[in-house]
Amino acid sequence: MDVTETHSEGLARSLLIVVPAADLTSELDTRLADLKDRIRLKGFRPGKVPVDYLKKAYGKSLMGEIIDDTVRKSSVDALEERALRPAMQPKIDFADDNDMDGVVDGKADLKYTIDLEIIPDFEPTDLSALAIDRPVAEVEDAQVEETIDGLRKQQTAFEARAEEEAAQDGDRVTLDF
């Protein structure tokens with residue numbers, strides 16, 4: 001695995017990771033050999049299925065799983081190797097010049113980029129050295145009484161008047177027109 005830092009500006013980082021086709025092919029061969037002993041197919045005795053047949057039948061799907069596992073593992077390894085702490089999930093993009101059919105066939109190297117923002121390093125401040133100014137608001141008794149009167153008026157319970165009575169100042173009136 002080859003890791004190259006292509007962009008480093010502020011907290012943003014971009015890494016180009018190249019995994020050789022030989023590594024992917026060897027992982028495929030290992031998985032096929034393991035699968036050969038466990039698979040049962042019609043026409044073959046248990047454990048006697050040829051690896052070439054398995055490669056033809058299941059090679060592409062297994063290679064897809066291998067690529068997925070390799071991308072996941074190599075991304076984590078690259079970040080740990082460089083001691084980068086991502087602030088959020090890194091964005092993974094496959095390189096434009098990457099021939100995915102060639103990668104799946106085991107003929108081309110896997111190339112992809114990781115774009116991420118890192119958590120900055122900082123030293124905690126000694127909080128005991130900080131002074132806090134606590135503002136105090138002076139409230140007069142008249143202001144408290146005024147506020148209480150306003151709340152009392154808002155919570156007034158209204159009683160219905162007789163229909164022939166006229167509305168008076170302070171009554172709540174409902175109009176329907």
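Is A157 buried or exposed? A157 is exposed, because its relative accessible area is 72% and the cut-off for exposed is over 50%. The views below come from a predicted model.

**View 1. A157 sits in the segment after helix α4.** Helix α4 covers residues 141-154. A157 belongs to the segment that follows α4. Its relative accessible area of 72% makes A157 exposed. Now look for R172. A157 and R172 are 15 residues apart along the chain. Their C-alpha atoms are separated by 9.9 Å.

**View 2. Three residues form a nonpolar patch on the surface.** The patch is made of V139, V144 and I148. Together they have about 230 Å² of accessible area. Where is V139 found? V139 lies in the loop between β4 and α4. Strand β4 spans residues 110-117. V139 counts as exposed because its relative accessibility is 53%, and exposed means over 50%.

**View 3. Four strands build an open sheet.** Read the strands in the order β1-β2-β4-β3. The pairing is antiparallel. Which strands are at the edges? They are β1 (2-9) and β3 (91-94), and each pairs on one side only. Neighbouring strands of this sheet are turned by 20 degrees against each other on average, with direction ignored.

**View 4. Strands β1 and β2 meet in a hairpin.** The hairpin has 2 residues between its strands. G10 takes a positive phi here, near 65 degrees. How many bridges join β1 and β2? The two strands pair over 7 bridges, in the antiparallel sense.

View 5. Follow two residue pairs across the strands. A12 stands opposite E117 in β4. S14 has D115 of β4 as its bridge partner.

View 6. Strand β2 is mostly covered, with 6 of its 8 residues buried. For a residue, buried means under 20% relative accessible area.

Conventions
Residues are numbered from 1 along each chain as its sequence is written. This is a predicted model: local features need pLDDT of at least 70, side-chain atom pairs count only at pLDDT 80 or more; totals for chains, interfaces and linings use all residues. Side-chain values use heavy atoms; hydrogens and water are left out. Buried means under 20% relative accessible area, exposed over 50%, partly exposed in between (1.4 Å probe, protein chains only). Patches are made of residues with over 30% relative accessible area and no salt bridge: like charges are joined within 9 Å, nonpolar side chains (Val, Leu, Ile, Met, Phe, Trp, Tyr) within 5 Å. Accessible areas come from the Shrake-Rupley method with a 1.4 Å probe; for residues, only the protein chains shown count as cover. A salt bridge is a side-chain nitrogen of Lys or Arg within 4 Å of a carboxyl oxygen of Asp or Glu. Two strands pair if DSSP finds at least two bridges between them. Axes are lines fitted to C-alpha atoms, for helices over the stretch in contact, and angles run from 0 to 180 degrees between N-to-C directions.
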